[in-house]
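Take a moment with the sequence and the 3D view before reading on. Then follow the text from one contact to the next.

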Amino acid sequence: MANSKITLNYFDIKGRAEIIRLVLTWAGKDFVDNRISREDWPALKPKSPFGQLPYVEIDGKVYGQSLAISNFFAREFNLYGKSNLDGLIIDQVAQLTEDFIQEIVKVIRAADPETKAANQKKVQEEAAPKFWGFYEKLLKESSGQYFVGDEVTLADLIAFDVVTGFVSDFTLPLPDSYPLLTALVETIGNNDNIKAYKAKQQ
Amino acid sequence: MASNSLKLFYYDAKGRAELIRLVLAAGGREYENVILTQDDWQTEKYKTPFGQLPVMEIGGKKYAQSIALANYCAAECGLYGKTNLDRLNIDQVVCLGSDLVSLATQAFHEKDETRKAEKMKNFAEVEAPRFFNMYEKLLKESSTGYFCGDSLTLADLFIYDQVFTESKWKTFKTEGFPLLNALRKLVESNEKIKAYLATRKPTEF
């Protein structure tokens, strides 16, 4: 993987691709961050494995599904813990996040403005506190400052993305009442690679 | 190395626990299959990590999220491929299949009756076949009959469970998907799966 050529294809937004960008950036792995306009997407669509974005090209082969891709790069770059139990802790965070995202999807796909507003309110008042609470609980149960003890894994990057990425566009700002989650987001954000990457996105 | 003791908690149903049961069966792994009634659930709810089932107790600690649990069991049972690329291929299938589950859930939980009927119809007639075609394509590319490599993995069990495990609400039409149907035969002829299915109690869901 150290010598592999990686191209990530997605729209010019954070969305579902940001976690992949964060994993590769954290790992210090070069990749082509191909940001596609909405107009150019139809022409590219036949090249994607499942007719969707994001998809990656790794040494000429294409793969889809953002979580599958994130998992792969995390495993390749030592961001997946050391045991199957570490993997389970990481996957719990990933799957909880998928559930959280489904609540966001209800806002995006709402059929009319009333439903959209109602679903948006539910995200802010119910889903966000619920899922932030789960992350906080898991961090509290951990033996260290990260989800898997003292080592940064994909789970921490996922939580960082939830609080700073597209999900946060639909929630209120993270309140003080989640101190461990707040501290985690700050720690991840202070990483040199992440700082440089964020600066480039301005 | 001694393996952790496993306890699976779920309702008296196949539902979101069945994949885990299939994986453990295929892996020949012992576990305690704890069935909770609706009454049990009223008190047990507060002892779960995230207020939902299934839950597994592994070495005395509780974990949840059915896909996370299925991944763990698959890894423990040697059903998660041999390389990271294998796992990418398996995860692709499981994530793709999970998208179809999300569409089903969104349709099923629609509160407006007219919209719900439309969504359910669209799910059965458009979305499910669209995903089955993608599964056929992946099976064709693999060419071994299995989704990943030349032996049974989590990917095969996930799709088998999604498409063929009987449930009151499922109305999938699977004619016209030859490789999917061949996968069904392959999974059901696995000795350990065959033995498990032979003694599985029928449930509505």
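What follows goes from the interface between the chains to aromatic rings and then to the backbone.

This is a predicted model, in which local features need pLDDT of at least 70, side-chain atom pairs count only at pLDDT 80 or more, and totals for chains, interfaces and linings use all residues. Residues are numbered from 1 along each chain as its sequence is written, chains are lettered from A and ligands numbered from 1 in the order in which they are written, and side-chain values use heavy atoms, with hydrogens and water left out.

Start where the chains meet. Chain B gives 34 residues to the contact, and chain A gives 34 residues; contact means heavy atoms within 4.5 Å. The size of an interface is often given as the accessible area lost when the parts come together. Here the buried area is about 3000 Å², and carbon and sulfur atoms give 56% of it. Buried area is the accessible area (1.4 Å probe) that two parts lose on being put together, summed over both. In chain B, the residues that lose the most area to chain A are B:Phe50, B:Leu88 and B:Gln92. Together they make up 20% of what that side buries.

Polar links also cross the interface. Between chain B and chain A there are 14 residue pairs in polar contact, both residues being at pLDDT 80 or more. A polar contact is a pair of N or O atoms within 3.5 Å; within protein, one must be able to donate a hydrogen and the other to accept it, and residues adjacent in sequence count only if both atoms are side-chain atoms. The largest share of the side of chain B that touches chain A comes from α4(B), with 13 residues. Helices (H or I, at least four residues) and strands (E, at least two) are DSSP runs, numbered from the N terminus.

Three salt bridges are counted between chain B and chain A. Such a bridge is a side-chain nitrogen of Lys or Arg within 4 Å of a carboxyl oxygen of Asp or Glu. A:Glu141 forms a salt bridge with B:Lys61, with the closest N and O atoms 3.5 Å apart. The charged end of B:Lys61 also sits over the ring of B:Tyr63, 5.3 Å from its centre. For this, NZ of Lys or CZ of Arg must be within 6 Å of the ring centre and within 35 degrees of the ring normal. In chain A, A:Arg38 lies over the face of A:Phe11, at 4.0 Å from the ring centre.

Now look at rings beside rings. Rings of Phe, Tyr and Trp (its six-membered ring) pair if their centres lie within 6.5 Å; planes under 30 degrees apart count as stacked, over 60 as edge-to-face and the rest as tilted. By this rule the count is 16 aromatic pairs over all chains. A:Phe131 and A:Phe134 form an edge-to-face pair, 5.7 Å centre to centre with 85° between the planes. They are three residues apart in helix α5 (residues 113-141) of chain A, so about one helical turn separates them. A:Phe131 and A:Phe134 are buried, meaning under 20% relative accessible area, with exposed over 50% and partly exposed in between (1.4 Å probe, protein chains only). In chain B, one aromatic cluster is formed by B:Phe123, B:Phe132, B:Tyr135, B:Trp169, B:Phe172 and B:Phe177.

The backbone comes last. Most residues other than glycine have a negative phi, and most peptide bonds are trans. A cis peptide bond joins A:Leu53 and A:Pro54, with omega about 0°. Another cis bond joins B:Leu53 and B:Pro54, with omega about 5°. A:Asp59, not a glycine, has a positive phi of about 50°.
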